Amino acid sequence: MNILIADKFPAHWKEVLAKQGHKITDNPALDENSLPAAIADNEVLIVRSTKVPAAVIDAGKHLKLIIRAGAGYDTIDISHAAQKGVAVCNCPGTNSIAVAELAMGLMLALDRRLVHNTRDLQNGIWNKSEYSKAKGIFGRTLGIIGLGNIGKEVAKRAQAFGMKVVTYDPYDKPEIFTELHITPEPDIYTLAGLCDVITVHLPDTPQTHGLFNKKFFDAMKPGATFINTARGGLVVTQDLVDAMKTKQIRAALDVYETEPKANDKVFNFAPFQGVENFYGTHHIGASTDQAQDAVAQRAVDIIGEYAATGKFLFRVN
Ligand code: MLT
């Protein structure tokens, strides 16, 4: 099969695909504007951050399968793909541990202000008295909103740190709540009022878009921590920034309402300019070697199954 890879993909797994007899075109510089011309006679398209709007699907006259090398698929027009008979498959679960590790890292970093600590040291400042002010996370209440693959990995890690874990998930999951000893809360506002730290692990859908807005931040305890490693569109940025300024909410984000394209190097930092209690990373939650290897292996498995049987594993449309 002809396979177009329009994002970074581990070399080892490209070799595996080539050895299986597939013709690989590898061009991580492609974007939504250049993809229609590049898609040509390819039957399979693999993308990570690169967007796949309807125009790409229309241009792919031989396109049968789009693989989103990650969990979320909000960057792909899945309903247009379905109309055109193109399957979209994702790789759920393969990068959950990596995202959970980042969420835990951000939580600890904010509590101990690790970035500020380092910045001062690098500027020749020793300030033990200031940086001795930390709440600690043992015994604190963590609210996990969205108890899917990633939320569950966060829960296990937080419990190992001695945190009390509560959750809100749009779907009732009694067996999982029991198995993980997690208390479900009836809604996100009740949860917000209980928690010292809140971490979000939901997809960005019409139901969840902008869910974390003034009403939600008003319900949070003053000085509590908010972490989003899921999708930027879940949060109304200005409402979060207002809460950070007025009630000392600390926030750590890996994802943003507006993110640069994969190959762009400029980020609009304006909303967070001068906001001291903000830590941010560059949408790297899923980006460990282990996770990228697991995602690529899953993508290769999906192609293998399709080539052998015509079936689509992990189809989302
Ligand atoms: C995901 O949806 O799994 C991640 O956001 C992948 C990524 O980093 O693009």
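A crossing of two helices is called right-handed if the near helix is turned clockwise from the far one by less than a right angle. With that in mind, the reader can turn to this predicted model, in which the crossing of helix 5 and helix 8 is right-handed.

Helix 5, which spans residues 96-112, packs against helix 8, residues 149-160, at an angle of about 50°, and the two axes are 8 Å apart. That angle makes helix 5 oblique to helix 8. On the side of helix 5, the residues that meet helix 8 are S96, I97, V99, A100, E101, A103 and M104, and their counterparts in helix 8 are N149, I150, E153, V154, R157 and A158.

A second pair brings together helix 1 (residues 11-19) and helix 13 (residues 289-309), whose axes lie 9 Å apart and form an angle of about 15°. Helix 1 and helix 13 are therefore roughly parallel to each other, and their crossing is right-handed. Here W13, V16 and L17 of helix 1 meet D293, A296, Q297, V300 and I303 of helix 13, a contact whose residues divide into six nonpolar, one polar and one charged.

The ligand, finally, has around it the residues R48, R68, G70, A71, G72, N95, R231, H283 and A286. Among them, R68 places a polar side-chain atom 2.7 Å from an oxygen atom of the ligand, while for H283 a polar side-chain atom lies 2.8 Å from a ligand oxygen atom. In the side chain of N95, an N or O atom is 2.9 Å from an oxygen atom of the ligand.

Conventions. Residues are numbered from 1 along each chain as its sequence is written. This is a predicted model: local features need pLDDT of at least 70, side-chain atom pairs count only at pLDDT 80 or more; totals for chains, interfaces and linings use all residues. Side-chain values use heavy atoms; hydrogens and water are left out. Axes are lines fitted to C-alpha atoms, for helices over the stretch in contact, and angles run from 0 to 180 degrees between N-to-C directions. Helices (H or I, at least four residues) and strands (E, at least two) are DSSP runs, numbered from the N terminus. Angles under 35 degrees count as roughly parallel, over 145 as roughly antiparallel, 65 to 115 as roughly perpendicular and the rest as oblique. Contact means heavy atoms within 4.5 Å. A residue is near a molecule or strand if one of its heavy atoms lies within 4 Å of it. A polar contact is a pair of N or O atoms within 3.5 Å; within protein, one must be able to donate a hydrogen and the other to accept it, and residues adjacent in sequence count only if both atoms are side-chain atoms. Ala, Val, Leu, Ile, Met, Phe, Trp, Tyr, Cys and Pro count as nonpolar, Asp, Glu, Lys and Arg as charged, and the others, Gly among them, as polar.
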